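This report covers strand pairing, salt bridges and a surface patch. The sequence and structure come first.

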Amino acid sequence: MFDEEDLAEIRAERERWESETLEPFLEKGERKDEFVTVSNHEVDRLYTPEDVADIDYDEDLGYPGEPPYTRGPYPTMYRGRTWTMRQFAGFGTAEETNERFHYLIDEGQTGLSTAFDMPTLMGIDSDHPMSEGEVGKEGVAVDTLRDMEVLFDGIDISEISTSFTINPSAAVIYAMYIALADQQGVDRKEVRGTLQNDMLKEFIAQKEWVIPPEPSLDVVTDTVEFAVEETPKFHPISVSGYHIREAGSTAAQEAAFTLADGFAYVEDCLDRGLEIDEFAPLLSFFFNSHNSIFEEVAKFRASRRVYARVMAEWYGAEADESKRLKFHTQTAGQSLTAQQPLNNVVRTTIQALAGVLGGTQSLHTNSYDEALALPSEEAVRVALRTQQIIAEESGAADIVDPMGGSFAIETLTDEMEAEIMEYIEEIRDIGEGSVRDGVLEGIEQGYFHREIQDASYEYQKRVDAGEEVVVGVNQYTIDEEPDPDILKIDPETRDRQLDRLERTKEERDDAEVEATLEALSDAIDDGENVMPYIIDAVKAYVTMGEIMEVFEEHYGAYQEKIGLA
């Protein structure tokens, strides 16, 4: 970007500045011995054109909406429309969450995002012994299509996009939503939303699973294949780095492991016989946004560049939509503190701004009280208002890629890209040329666990030593017990949920239940796509647990073979 003569002049001027201007100030000392990001990535005092001398503007940056998408996936970005404001919501029964959905829509939210309770996430019913004490506690309880009907009562799903944060039992929730669309008379081809459905990251980080990795991957690919034909506006996977980061990874590890999982799904779909430009546009991603604002912006920009290049060069993608990395962002739950919880409003604002400056397509801002409980209505409103203020008052949404061209940001983006690719190549080597096989083998070998564990340990050491300041925790503390008005789940929630489940079982056709479950079992035996059979089952009001039991009977329950040592 600069010729050698210009660089020589800049180099000479920098040397003069260092000796004449900087050195006298360094004698007074600096406030820290080292300056690093949350990920322990060292940052320089100053960046100049020397640091970006090797950047090729057309090849490495280009223009928004054109490969390699470093500067954004779309040409107008938020000048066209703002990101989707998609606040996570779900607790208690379907009635209670339906009320929260309507509240958020009335407050200006532009997309729904559904949190499920632990039994639903794990594919067991509310009346299962293992569900005791967990029904409706950390999300909404959904056992049958009846719950889904109540959950979206009064909501036209042709008018709003809905995200579902669920994985082992994701195919069942997807089937229920399709069945609901059929009930509402909504053309399946118009159904919009996103299913998290990322089982590889479950085995890497979040640890929610039912059946082993390979059959889990088969079911995920079934949903992609089905979506291509039946719900082309619905994203059947949200490849999720969020939970990898929450488990303690660095920013580069989060991006690398997430993109590797995405490429693993691509390879599995290609092996299924799908065409790359047929299914790749349906893939979406989900990233964390942490406190180191410039590192996060660089991570988002580098991830788009890596994705565009790999999809074209390794997998032969030609369509722009196949190379365009689209992602949702959530602010870092890991960063929230129970101490001085109102400080979390500031943390969330910084993290949300990083997501916007980095070009996210949708955003969830955490509520300030989430380190203590599920968010209260007031905290949810403040979290949503945070996004609205960024969108309407800050000016951050008015310039496409406002950080582009910064010597610091472009250098950090290059460094992030190099580190991401180093990890992806290592995973590909583990799989002897296949990213999918490398991810599966890496799960079995404990590769991902060790990498994340080491990063998490290093971070905690810095916090314990006071090298990483956490305001209100290891510095600027006060002797005050937090006492916010937190949301409490009604202890009678489980009773109400069990009553509906019992009534549903009494009212359904038992013969139809048996027939649909048998058909699903036969489909698994025959290697057919399971989605049509799951849809038939949920329309017969077969429960989540009954459907997941069929898969467990075929594949067995997965037991992790490695520890964290």
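## The sheet

In this predicted model, strand 5 (residues 193–195) and strand 6 run parallel and are joined by two bridges. Thr-194 stands opposite His-235, which belongs to strand 6.

## Salt bridges across the chain

The structure holds 41 salt bridges. One of them joins Arg-500 to Glu-95, with the closest N and O atoms 2.5 Å apart. Arg-500 sits in helix 19 and Glu-95 in helix 3 (residues 94–106), so this contact ties together parts 405 residues apart in sequence. Arg-500 is buried, because its relative accessibility of 8% falls under the 20% cut-off. Glu-95 is partly exposed at 36%.

Glu-560 and Lys-207 also meet through their side chains, at 2.6 Å from N to O. This pair links distant parts of the chain, 353 residues apart. Glu-560 lies in the segment after helix 22 (544–555). Lys-207 lies in the loop between helix 7 (199–206) and helix 8 (213–230). Glu-560 is partly exposed, with 30% relative accessibility. Lys-207 is partly exposed too, with a relative accessible area of 28%.

## A buried pair and a network

Lys-299 and Glu-254 form a salt bridge between their side chains, 2.7 Å from N to O. Lys-299 is in helix 12 (residues 293–313) and Glu-254 in helix 10 (residues 251–272), 45 residues apart.

Other salt bridges share partners. Asp-60, Arg-305, Arg-309, Asp-414 and Glu-417 are joined in this way into one network.

## A nonpolar surface patch

Which residues make the nonpolar surface patch of about 280 Å²? They are Val-469, Val-471 and Tyr-476.

Tyr-476 is found in the loop between helix 18 (447–464) and helix 19 (493–507). Tyr-476 counts as exposed, because its relative accessible area of 57% is over the 50% cut-off. Helix 19, at one end of this loop, is also the helix that holds Arg-500.

Notes:
Residues are numbered from 1 along each chain as its sequence is written. This is a predicted model: local features need pLDDT of at least 70, side-chain atom pairs count only at pLDDT 80 or more; totals for chains, interfaces and linings use all residues. Side-chain values use heavy atoms; hydrogens and water are left out. Patches are made of residues with over 30% relative accessible area and no salt bridge: like charges are joined within 9 Å, nonpolar side chains (Val, Leu, Ile, Met, Phe, Trp, Tyr) within 5 Å. Accessible areas come from the Shrake-Rupley method with a 1.4 Å probe; for residues, only the protein chains shown count as cover. A salt bridge is a side-chain nitrogen of Lys or Arg within 4 Å of a carboxyl oxygen of Asp or Glu. Helices (H or I, at least four residues) and strands (E, at least two) are DSSP runs, numbered from the N terminus. Buried means under 20% relative accessible area, exposed over 50%, partly exposed in between (1.4 Å probe, protein chains only). Two strands pair if DSSP finds at least two bridges between them.
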